[in-house]
Amino acid sequence: MAETEKIEVRDITRIERIGAHSHIRGLGLDDVLEARAVSQGMVGQKDARRAAGVVVQMVREGKIAGRCILLAGEPSTGKTAIAVGMAQALGTETPFTSMSGSEIYSLEMSKTEALSQALRKSIGVRIKEETEIIEGEVVEIQIERPATGTGQKVGKVTLKTTEMETNYDLGNKIIECFMKEKIQAGDVITIDKASGKVNKLGRSFTRARDYDATGAQTRFVQCPEGELQKRKEVVHTVTLHEIDVINSRTHGFLALFSGDTGEIKQEVRDQINNKVLEWREEGKAEINPGVLFIDEVHMLDIECFSYLNRALESDMAPVVVMATNRGITRIRGTNYRSPHGIPIDLLDRMIIIRTVPYSEKEVKEILKIRCEEEDCIMHPDALTILTRIATDTSLRYAIQLITTANLVCRRRKATEVNTEDVKKVYSLFLDENRSSKILKEYQDDYMFSEITEKEEEFASVGGGSKRRSEAGGGGGDAQAMEH
Amino acid sequence: MSYENWLNYLTSAEKNSMISGRLRKVLYKFPDGQQMAEDYSLDTGIVLRRAWRKCKQLMGQPEWEVELGEEPRQLNWSGNKANGAGGDVDNTHDDDFMLRESNSAPLLTKRVTKKNVEWRIRNMPYPLEVYNVSASPEQRSIVVRTTNKKYYKVIPVPELDRCGTPPTQANISVHHQFNTLIITYLKPAILCEMEAQVLLLLKDVETETDMDDLLKGLMAK
């Protein structure tokens with residue numbers, strides 16, 4: 001099997017990219033929803049995590065629709081981390097949609113359309129459907145790839161049951177599936193004819209003596225009986241949004257792949273709601289409400305809030321989790337000020353979870369986890385310094401320094417990051433405080449410094465001043481850009 | 001042992017009929033959402049094709065399932081059937097299929113004659129002794145087995161279901177020539193009677209104008 005060997009080498013070299021929250025694997029709670037100090041990538045924030053655990057339980061039970069939870073807290077206190085943890089704790093079966101408040105502003109779609117799409121993406125429907133599957137033992141598999149490495153692959157597979165045998169030609173997409181599952185002769189597989197999903201059931205008993213040693217997890221199964229093609233009832237989860245897209249006539253299901261869905265008519269949605277309810281009554285479908293997470297929720301404006309007010313009351317609404325780092329601020333689109341930039345009437349429908357700043361010990365723990373995640377070995381002294389930096393400046397800045405310090409350390413061909421490396425990157429890269437300090441000091445040397453604050457206010461009547469007042473709450477870096 | 005149910009089911013449907021060439025095409029729309037299309041030969045009054053369109057749960061456009069007659073299929077069938085009919089021009093690349101039986105795989109077709117129901121399984125190179133065709137009344141179908149374990153098929157016989165008779169071994173005869181296995185099932189009397197009744201039923205259905213003639217007339221202008 002020369003071909004499969006070649007393919008395997010390719011797969012190994014794939015690199016997993018590390019994101020800001022990729023170290024989080026759950027909420028880190030025990031069975032009675034008590035928060036463990038350090039678990040599953042989560043540190044501290046015990047009360048907030050316990051509260052999130054209760055919310056997760058609520059979603060799992062799936063009885064209550066349209067609840068709203070607000071995660072409020074200062075910047076970098078782990079609001080997004082808790083949301084990611086919730087998503088992980090809920091598992092892949094429950095839909096979890098994550099969006100940022102600013103995502104709804106698009107020229108192609110109205111704000112409320114974007115919101116309702118997001119809401120419907122967060123409701124799963126488990127549907128029992130009869131599909132045609134092919135179930136058999138692989139007798140022979142041939143995959144030919146051209147010598148150049150790219151281009152058309154040609155595949156053939158022979159499948160058999162106890163009664164019959166058939167040759168199949170494989171399309172390009174399904175060849176990929178075969179390679180991913182590492183299917184060889186002797187495996188018993190099922191292929192979903194409609195979706196092209198390949199599933200390995202195990203190895204055939206007749207091939208049990210092919211190798212002297214088998215892995216512990218190798219399962220042996222009987223060769224299937226009867227016909228190769230069977231009709232079977234399968235259960236799959238789709239979101240309401242996917243059903244919408246399939247049924248919005250103008251696009252057809254191809255829109256699912258291209259991502260260009262445009263606006264979906266309300267009539268279509270109503271029809272689908274009715275249909276789904278009908279299915280539920282007949283026992284064909286089950287509704288599986290999930291979670292919609294809106295980060296930076298203060299970026300929504302008053303129309304969106306009023307839309308959400310109404311949307312949350314529908315019995316098909318998911319649990320909505322929002323996060324904001326604003327205090328009392330202006331509601332976007334109005335001149336009124338309100339806590340978290342959210343109108344009081346919506347706030348009234350929410351339960352609010354507060355995140356508190358991390359203690360120095362917790363910061364150290366987080367930095368340690370991040371070091372592990374980024375495969376960076378750090379000397380304890382260096383970690384102490386980094387913790388000090390994190391408490392003085394910000395946690396995000398300190399996390400940035402891990403990667404950079406690691407690179408500097410590798411430059412001098414060492415494996416462990418020491419204090420010198422951290423000091424070096426600390427001098428190389430400015431944090432937000434130092435940067436704005438420098439800006440203030442040398443402001444006169446920068447371009448356009450001759451325009452004073454007052455003149456600027458005269459020049460730009462509405463837009464400029466509005467922008468500044470909003471950025472004022474955000475953080476020093478935004479302020480620095482303005483000057 | 002009666003075809004009452006089937007006749008009632010057909011009567012309940014909304015029927016449309018038109019004549020094209022030497023064919024009379026009838027479309028049934030049943031109250032439960034299913035659709036059936038039939039082609040009758042005007043010369044013999046025998047059904048040449050019958051296809052069903054069943055409701056899919058996930059909605060979308062359901063496809064036609066051919067119960068009887070040849071499936072429209074090109075010689076160099078590259079894409080899958082859905083693509084060929086869909087008219088998505090830029091999608092008809094050669095590689096745009098998931099999985100298909102190879103060209104040499106056995107292919108089952110069914111047709112109805114005046115006296116018999118016939119199945120032809122093409123691409124079957126093995127000699128006649130290999131096949132074992134038996135009626136299976138409990139599965140209400142005919143089962144084709146091969147002693148060399150190369151082919152196995154449970155063939156349902158919906159016609160017999162509709163008049164409530166199980167298939168019997170005595171009515172089956174098997175034939176093999178030109179790489180093709182031909183299974184012939186002699187229609188029982190009750191089935192012939194049912195078909196006659198259905199034809200009577202269709203007599204009352206109004207037939208639209210011949211589309212071909214209409215088109216020809218338009219072209220002439």
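The model is a predicted one, and every value given here was computed from it.

The size of an interface is often given as the accessible area lost when the parts come together. Chain A and chain B bury about 2700 Å² between them, with 55% of that area lying on carbon and sulfur atoms. The contact draws 36 residues from chain A and 25 residues from chain B. On the side of chain A, the trio E163(A), D169(A) and E227(A) provides 22% of the area that chain A buries against chain B, more than any other three residues.

Five salt bridges are found across the interface of chain A and chain B; in one that joins E227(A) to K153(B), the closest N and O atoms are 3.4 Å apart. Among the elements that give two or more residues to the side of chain A touching chain B are strand 5 (123-144), helix 5 (172-181) and helix 8 (266-282) of chain A, while strand 7 of chain A gives the most, with six residues. The residues on this side of chain A comprise 14 nonpolar, twelve polar and ten charged.

Within chain A, the axes of helix 11 (residues 360-373) and helix 13 (residues 395-411) come within 10 Å and cross at roughly 30 degrees, and the crossing is right-handed. Helix 11 of chain A contributes V363(A), I366(A), L367(A), R370(A) and C371(A) to the contact, and helix 13 of chain A contributes L395(A), A398(A), I399(A) and I402(A). These residues divide into eight nonpolar, no polar and one charged.

Definitions and conventions:
Residues numbered from 1 in each chain as written. Chains lettered and ligands numbered in written order. Predicted model: local features only at pLDDT ≥ 70, side-chain atom pairs only at ≥ 80, totals over all residues. Heavy atoms only, no water. Axes fitted to C-alpha atoms, helices over the stretch in contact; angles between N-to-C directions. Helix = DSSP H or I, 4+ residues; strand = E, 2+ residues; numbered from the N terminus. Left-handed = near helix turned anticlockwise from the far one by under 90°. Contact = heavy atoms within 4.5 Å. Nonpolar A, V, L, I, M, F, W, Y, C, P; charged D, E, K, R; others polar. Buried area = accessible area lost by both parts, 1.4 Å probe. Salt bridge = Lys/Arg side-chain N within 4 Å of Asp/Glu carboxyl O.
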